[in-house]
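Colleague: I have the model open and would like to go through it with you. Could we begin with the strands?

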Amino acid sequence: MTSHPALVVCEYCDSVWRRSALADDEIARCGCCGAVLYRASRLDLDQLLALTLAAAIVFAIANVSPVIRIAVSGLHNEANLLQSVAALSHGSGFIVGLVAAATLFVVPLLQIVLLGWVLLFARAHRRAPGFAFAMRWLQRIRPWSMTEVFLLGVLVAIVKLSAMLSVIAGPGTYATVVLTGLITLIAKRDIRTLWDKLPAGEAVEFAE
Amino acid sequence: MTAAPRATELGLVGCHTCGLTCAIGQTRCPRCASHLHPRKPDSLARSWALLIAALVLYVPSNMLPVMYTSMLGRGEASTILHGVVEFWKAGSWDIALLIFIASVAVPSTKFLVLGMLLVSARRKSPWARPQRARLYRLVELIGYWSMLDVVVVALVCALVQFHLLGTAEPRAGIVFFGLVVVLTMFAAMSFDPRLIWDADDDA
């Protein structure tokens, strides 16, 4: 036998445990090191897909509308996420601009697109074309999603600037608040259960 | 301690990507086709290299200014610590504390904790294993919040663009700081926490 679906190996300490069914929102922890082995989501596929679509809409709003407006002596200015990344990238800031663009824009976008793609097909109990590819990348990019850090940065910038200017939080800030919540709900979760839920049928052969 | 057997003893390996428990000896996971590693390859060497690189860049990231601001003709270049002190003096002790934690405490903690984990894993020390395992997960959890200062500099520089009245520009310090955050995250990812539990007799 090449695999043992009834067993689970702790990623953090290599202990082997027998899988057991969990109730909603329950978390299975490793008895050796205390790490999370797997968890049961309360959300079913339809709910997850609905939240992903909502995240896609909010993501668009968060990226086109200004996050902060400032005014001083009759002059005013505003900036959105991408303009901020661009401001960082001037001259030698190019590298850190790339990092910011990746973690604040590209990775959250990929999370929404890949998850939406996988879930769209999962509703029909099929593995999407490129299912393995999408699942691998969702796992790989997860640590680099930093929407919540952007939100905290917006709040700090508001406080920092309000010392000398008049500052208003724009619609982009409110959209980012919602997006942070949605991304946490859909993409910080363990979606590995999809591997078990969706049988490797014709779809996986199609992908390979 | 617990009686749970370890995967290597049973000839098993857990897939990093899909979590499937596979038999050792296969190079790829039969379910998701990811590479299987009983232990991450060259974990200690890679993690050390990335951590040392981050430590080297940490020096200029703190010495060099991260941002240049000029307001009404008065220009100044400020470092990360300078920014913290300014918030503190202005009475925003809470924001000062927040930036201090994200920009100074978190990176320093990562250097100390990862260094300690690397040394104790190399020595296959049985000391405080559950606590070391928890420390590793803490480092994974808090690591990316250091990006906070990068976001703040980006926003301020995008907003304060009033020519003579006031401008803000990023400076080299923020580039080094951003790279420190990325390198420490890679260092933490390269470290294999299973090494904490490996004793001398293990392969």
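Colleague: Which residue stands opposite Met71(B) in β5(B)?

Modeller: Gly166(B) of β5(B) stands opposite Met71(B). Please bear in mind that this is a predicted model, in which local features need pLDDT of at least 70, side-chain atom pairs count only at pLDDT 80 or more, and totals for chains, interfaces and linings use all residues. Residues are numbered from 1 along each chain as its sequence is written, chains are lettered from A and ligands numbered from 1 in the order in which they are written, and side-chain values use heavy atoms, with hydrogens and water left out.

Colleague: Over how many bridges do β3(B) and β5(B) pair?

Modeller: β3(B) and β5(B) pair over five bridges, in the antiparallel sense. Strands here are DSSP runs of E with at least two residues, helices are runs of H or I with at least four, and both are numbered from the N terminus. Two strands pair if DSSP finds at least two bridges between them.

Colleague: And what is the strand order of the open sheet in chain B?

Modeller: The order is β4-β3-β5, three strands with antiparallel pairing. The edge strands are β4 (74-78) and β5 (166-170) of chain B, each of which pairs on one side only. From one strand to the next, the twist averages 10°. Angles run from 0 to 180 degrees between N-to-C directions, and axes are lines fitted to C-alpha atoms, for helices over the stretch in contact.

Colleague: How does strand β3 of chain B pair with β4(B)?

Modeller: Strand β3 (residues 67-71) of chain B and β4(B) are antiparallel, with five bridges. Tyr68(B) stands opposite Ala77(B) of β4(B).

Colleague: Is β5(B) mostly covered or mostly open?

Modeller: β5(B) is mostly covered, with four of its five residues buried. Buried means under 20% relative accessible area, exposed over 50%, and partly exposed in between, with a 1.4 Å probe and protein chains only.

Colleague: Which helix lies across β3 and β5 of chain B?

Modeller: That is α6(B), which runs at about 145° to β5(B). α6(B) also lies across β5 and β6 of chain A, where it runs at about 140° to β6(A).

Colleague: Why do you regard α6(B) as largely enclosed?

Modeller: 12 of its 12 residues are buried, so α6(B) is largely enclosed by the rest of the structure. Among the buried residues are Leu148(B), Asp149(B), Cys157(B) and Leu159(B).

Colleague: What span should helix α6 of chain B have?

Modeller: The 12 residues of helix α6 (residues 148-159) of chain B should span 16 Å, and the end C-alpha atoms are 17 Å apart, which agrees. The expected span is 1.5 Å times one less than the number of residues.

Colleague: Changing topic: where is Phe177(B) found, and is Phe177(B) buried or exposed?

Modeller: Phe177(B) is in helix α7 (residues 172-190) of chain B. Phe177(B) counts as buried because its relative accessibility is 0%.

Colleague: What does Phe177(B) touch?

Modeller: Not counting residues up to four places away in sequence, Phe177(B) touches Tyr58(B), Ser61(B), Ile80(B), Ser103(B), Pro107(B), Ser146(B), Asp149(B) and Val150(B). Contact means heavy atoms within 4.5 Å. Phe177(B) and Leu64(B) are 113 residues apart in sequence and 9.8 Å apart in space, C-alpha to C-alpha.

Colleague: Now to chain A. At what angle do helices α3 and α4 of chain A pack?

Modeller: Helix α3 (residues 94-122) and helix α4 (residues 131-141) of chain A pack at about 145°, with their axes 10 Å apart. Residues making the contact include Val107(A), Leu110(A) and Leu114(A) of α3(A) and Phe131(A), Met135(A) and Trp137(A) of α4(A). The contact residues comprise 11 nonpolar, one polar and no charged. Ala, Val, Leu, Ile, Met, Phe, Trp, Tyr, Cys and Pro count as nonpolar, Asp, Glu, Lys and Arg as charged, and the others, Gly among them, as polar.

Colleague: What about Thr147(A): buried or exposed?

Modeller: Thr147(A) counts as buried, because its relative accessibility is 5%. Thr147(A) belongs to helix α5 (residues 147-161) of chain A. Leaving aside neighbours within four places in sequence, Thr147(A) is in contact with Pro108(A), Thr176(A), Leu179(A) and Thr180(A).

Colleague: Lastly, how many helices and strands does chain A have?

Modeller: Chain A has eight helices and seven strands. Of its 208 residues, 50% are buried.
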